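Welcome, and please take a moment with the sequence and the model below. The notes that follow go through it topic by topic.

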Amino acid sequence: MNFLNVGILAHVDAGKTSLTERLLFNAGLIAKIGSVDRGDTQTDSHELERRRGITIKSAVVSFRVNDVHVNLIDTPGHSDFVAEVERALRMLDAAVLVISAVEGVQARTRVLMRLLVRMRIPALIFVNKIDRMGARDADLVDSIREHLTADCVAVSTVAAIGTRAARSRPRDLTDPAFAEELAEVLGAHDESFLNAYLDDDVQLSTQDYAGQLSRQVRAGLVYPVHFGSAITGEGIDQLTDALGAMAAKPAAGPAAPLKATVFKLERGRAGENIAYVRTFAGSIRARERVRIFRRERGGGIHEFGGRLSAVRVFDRGAEAHEAVALPGAIAKVSGLPEARIGDQLGSADGLATDPLFAPPSMEAVVSARHPGQRAVLFAALQRLSEQDPVINVRRDALEGTLSVDLYGEVQKEVLAATLAEEFGIEVEFASSQPLYVERLVGGGEALEEISLDGPNFFWATVGLRLEPSAPGSGTTFRLAVELGSLPLAFHKAIEETVLQTLRYGLYGWSVIDCAITLTRTGYASPISAAGDFRSATPLVVADALKRAGTRVYEPVHRFSLEVPEDTVSVLLATLNAVQAIPDEHRVRSARTAVLGGVIPAGRVHTLAQRVPEVTRGEGTLLIEFDGYRPLVGPVPVRRHPGASPYDREKYMLHALGRVS
């Protein structure tokens, strides 16, 4: 049996979850179609998802199309939960991009389509809600071509659109108009097919068209547009058949070396760690030992092992059953308490490096409403961060305040509800603030070494050189010493501590895009221990940073606004009020204008709130992270959460007190 892992992607409220329900119903796996409004769908299983009517966590359900085992991954549509979407995208063989026939192409739709094209993920476009008043067909396809991709072709037509009697019908390949449209799209990617179409002596058959369309769809070159309704079931059979045709045999069989990836974590009833794993090669069985590989912040790879206590494979619906996970399968795996999202089982080959989406650009202080729950709040946030690495938690050791990284305001509400429902902790969030970063101004070197004459506070010699790297290149750690010059545990202690120390630069913000070189090492056997290197390294990093100097940068986003032309003047005033800098203004049509530019991350939420008001609800706002720019004006300073190595005297007193 072949497996096909399909992601259901869309802008919020386009009908992703309703489509999943309809597919399961048509496959005979559920007796009744669940409703998002009623909160009884198969994939929105969390109480908060049912209450808000949105998908927050990715969910997996399965069904069969002939001999193809389809795993559907329903993903969040709201931009605050992009991390969930990113994890799912890396697991996919194909995708269904859902677009509302009424609302059309929306901001999130455009972001998702760009990712599908960039990752070469084959996709079908499903235009949902053809039975709703205001639904569109032909002009919506034109909008898809303009805003998403020119490489699309409508493969179905709609009668009585915008009414409950709306019907979707597949287009006929014997129709000359459809054949011409199809040949133009397919010929752009296959010159021999185009030449055959233009050759009067060659008669292409319907099988030629269908075969070429199938090949180019599976290659991620062409995107068929299907019309239908998840509520009435129109167009679902054609979509299901198209999904079945996208399956291909796995590149590696069950006897190949294991390669599988953890893309989701949850807690079982007893609090145990349950990992959602997609197998790419080899197989996974209960009670076998596996090697696990993890990409660390500095780019290195950490390897450890574990024994699987249970392997449950998704098969027919939302339930998983005890079985062997073959190539292509998605399984819930128990027995790996140390597993984290992004870990790879069996092999380090192909471990993800760069994130698909930008990092969070905001942070907020979170506090327990009841003082007696302060201690358990930190533990609860740490547990949640294991399930979602984006929830980066920091604690100020002096004041005890906690802060978390955020994508947006909805994420605050979800975190608060999760803490209340799962841990019984009521919390309050302070106003969100930009998550600034620091970059090196120049290079700097420093050295701490074992003294032969005087007292030694730390039995460790560490020399480091810090240099700025290109924007977006990340932080790297390299050696200018022999790897065998220190025990491996000491090398590891230095690297880990360097990366931890760089989370708080001279102004208290994370130092990014930095090349670190270990230039000197030394130890005294048998006195030196890894703890000596963990204590000495922050002082070396701090001294090197002081010599290099850093500058604070603020996160900025790129905005694109499509608005009525007569609202532009008022909108420009609004952009000025939120410190946005427009650098694009063009007229799309007689009634529509497009404005583009950059805006500080801290003002995005305000702009999003004002756009509907100043554009009479007709404006469309697309926001994407655009990196960092030097901060102009007063520099915000964030206090170091513990004993700061930038204050050598206090740090030494703290370190020695800890040692004693």
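Please keep in mind that the model is a predicted one.

- Val153 is among the residues with the most contacts inside the largest nonpolar core, along with Val6, Leu19, Leu72, Val96, Val98 and Leu213. That core has 41 residues in total.
- Helix H6 supplies six residues, the largest share of this core.
- Another core lies apart from it, with 39 residues that include Leu115, Ala123, Ile144 and Ala166.

## The seven-stranded sheet

- An open sheet is built from seven strands, and their order is E2-E3-E1-E4-E5-E9-E6. The pairing in this sheet is mixed.
- Strand E2 (59-65) and strand E6 (152-154) each have a single partner strand, so they stand at the edges and one side of each is left without a neighbour in the sheet.
- From one strand to the next, the twist averages 25°.
- Strand E4 (residues 94-100) and strand E5 (residues 123-128) run parallel and are joined by six bridges.

## Helix H1 and what covers it

- How many of the eleven residues of helix H1 (residues 16-26) are buried? Nine are, which makes this helix mostly covered.
- The buried residues are Lys16, Thr17, Ser18, Leu19, Thr20, Glu21, Arg22, Leu23 and Leu24.
- Their cover includes strand E1 (2-10), E2, strand E3 (68-74), E4, E5 and helix H9 (236-244).
- Glycine 28 follows H1, and its phi is positive, near 80°.

- Helix H6 (residues 176-187) and helix H7 (residues 191-198) have axes that come within 8 Å and cross at roughly 145°.
- On the H6 side, the contact is made by Ala179, Glu180, Ala183, Leu186 and Gly187, and these meet Glu191, Phe193, Leu194 and Tyr197 in H7.
- By type, the residues of the contact of H6 with H7 are six nonpolar, one polar and two charged.
- Not counting residues up to four places away in sequence, tyrosine 209 touches Leu173, Ala179, Leu182, Ala183, Leu186, Phe193, Tyr197 and Leu204.
- Tyrosine 209 and tyrosine 197 are twelve residues apart in sequence, and their C-alpha atoms are 9.9 Å apart in space.

- Strand E29 (residues 550-564) is mostly covered, with twelve of its 15 residues buried.
- Strand E23 (residues 437-440) pairs with E29 in the antiparallel sense over four bridges. Here, valine 437 stands opposite tyrosine 553 in E29.
- Strand E32 (residues 620-630) and E29 are also antiparallel, and nine bridges link them. Proline 555 has tyrosine 628 in E32 as its bridge partner.
- Strand E31 (residues 592-600) pairs with E29 over nine bridges, again in the antiparallel sense. Glycine 597 in E31 is the bridge partner of phenylalanine 559.

## Backbone details worth a look

- Serine 525 and proline 526 are joined by a cis peptide bond, with omega about 5°. Proline 526 sits in the loop between strand E28 (514-522) and helix H13 (530-548).
- Arginine 287 is not a glycine, yet its phi is positive, about 70°. Its place is the loop between strand E11 (273-281) and strand E12 (289-295). Arginine 287 counts as exposed because its relative accessibility is 63%, and exposed means over 50%.
- Where is arginine 616 found? Arginine 616 is in the loop between helix H15 (604-614) and E32. Phi of arginine 616 is positive too, near 60°. With a relative accessible area of 48%, arginine 616 is partly exposed.

Terms used
Residues numbered from 1 in each chain as written. Predicted model: local features only at pLDDT ≥ 70, side-chain atom pairs only at ≥ 80, totals over all residues. Heavy atoms only, no water. Buried < 20%, exposed > 50% of the residue type's maximum accessible area, 1.4 Å probe, protein only. Helix = DSSP H or I, 4+ residues; strand = E, 2+ residues; numbered from the N terminus. Pairing = 2+ DSSP bridges. Axes fitted to C-alpha atoms, helices over the stretch in contact; angles between N-to-C directions. Contact = heavy atoms within 4.5 Å. Nonpolar A, V, L, I, M, F, W, Y, C, P; charged D, E, K, R; others polar. Core = buried A, V, L, I, M, F, W, Y, C linked by side-chain atoms within 4.5 Å.
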